[in-house]
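Hi,

Here's the model I said I'd pass along.

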Amino acid sequence: MGILRLGYLHVRVTDMAEARRHYVETMGLKVTAEEEGKIYLKGWDEWDHHSVVLEEGGVGVNKLGFKVNSVDDLTSFENRARAFGATVERMSKGENLEVGEGFRVISPSGHTVELYADITYLGSEVGFTNPYPFPRHQVGISVPALDHMLIMAEDVALNEKFFMDVFDFYAVEQIRPEYDSPARIATWLSIGQKAHDLAIVAGKDKGLHHFAFRLDDWSKILHAADIFSMDDVSIDITPTRHGITRGETIYFFDPAGNRNETFAGGYTAYPDRPTVIWTPDQLGRGIFSHSRELNTAFTEVYT
Ligand code: M3P
Ligand code: FE
């Protein structure tokens with residue numbers, strides 16, 4: 001079964017009090033632990049100890065973690081990462097609060113990627129016995145879960161190959177410089193049946209374009225945008241639809257300047273679904289289905 005999902009990410013924030021206000025009061029994540037300069041957060045529908053960790057100091061992503069199904073998967077992925085030629089190191093239990101042993105690999109793009117099988121189980125807020133569809137008392141937009149992230153890489157094709165060859169991701173959609181080109185401007189990779197778990201776009205290595213939280217549907221997206229106005233959140237792109245993945249979206253910034261997204265919809269993906277290919281002439285419509293225009297603030301501003 002391999003990788004289950006994007007389990008966590010550690011994101012740097014400049015001011016912890018402001019970040020807490022954004023991620024807890026506006027996004028509705030719950031604090032599950034605190035350490036000096038760190039806050040651990042989870043969504044109400046997540047059962048593992050944390051999905052987002054805020055780290056005080058700077059901006060951007062410090063590392064990301066994929067949860068795998070079993071300790072045996074860890075061994076085989078570690079061997080495959082070494083065979084790819086990547087830098088790999090073992091990670092012992094407790095190096096990350098409440099997370100078991102695993103390994104750490106540096107992607108060709110320079111991102112620190114951790115693989116782990118065990119993390120403390122906390123349970124979801126509605127529980128797993130006769131649950132209600134959502135918690136009665138919600139805060140802000142009350143995001144249920146982390147959904148996906150988009151990282152930047154100087155060589156998108158190489159990083160796509162890395163995640164496909166080593167970790168069994170498959171390409172759901174790609175932007176290619178020409179239809180038949182082996183080069184990639186961007187790629188959307190899935191590890192299960194979501195339209196994407198990880199996207200990679202051409203840009204500076206180690207960059208974070210955004211990470212996204214799941215919302216149920218378009219009406220929740222509209223509701224989220226209304227709350228962002230009330231909370232004076234800096235909105236980058238107001239509610240619209242992606243041509244790529246067909247997802248419904250809002251982009252906005254946390255107070256440190258890290259881009260967030262709320263994402264709803266998107267089709268069900270399968271490994272045998274033909275990869276959708278976008279050509280640069282249609283790229284504007286691929287990213288934003290209605291405006292059909294990409295602005296440089298969206299493509300060139302990231303942390
Ligand atoms: C998404 C998505 C860029 C495209 C982003 C697309 C940065 O975020 O969820 O499909 O060009
Ligand atoms: Fe996204």
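Below is what turned up around the two ligands.

First, the housekeeping: this is a predicted model, with local features needing pLDDT of at least 70, side-chain atom pairs counting only at pLDDT 80 or more, and totals for chains, interfaces and linings using all residues. Residues are numbered from 1 along each chain as its sequence is written, chains are lettered from A and ligands numbered from 1 in the order in which they are written, and side-chain values use heavy atoms, with hydrogens and water left out.

Start with the iron ion (ligand 2): its protein donors (N, O and S atoms within 2.8 Å of the metal, 3.2 Å for Na, K and Ca) are His148 (NE2), His210 (NE2) and Glu261 (OE), at 2.0 to 2.2 Å. Water is not among the atoms, so the site may look incomplete. Along the sequence the spacing reads H-x61-H-x50-E. His210 belongs to strand β13 and Glu261 to strand β16, so this pair ties together parts 51 residues apart in sequence. Strands here are DSSP runs (E, at least two residues), numbered from the N terminus.

Now ligand 1. Of the 13 residues around it (a heavy atom within 4 Å), His148, Trp188, His196, His210 and Tyr251 come nearest. Taken alone, ligand 1 exposes 330 Å², and the protein buries 97% of that (Shrake-Rupley, 1.4 Å probe).

Cheers

Methods. Helix = DSSP H or I, 4+ residues; strand = E, 2+ residues; numbered from the N terminus.
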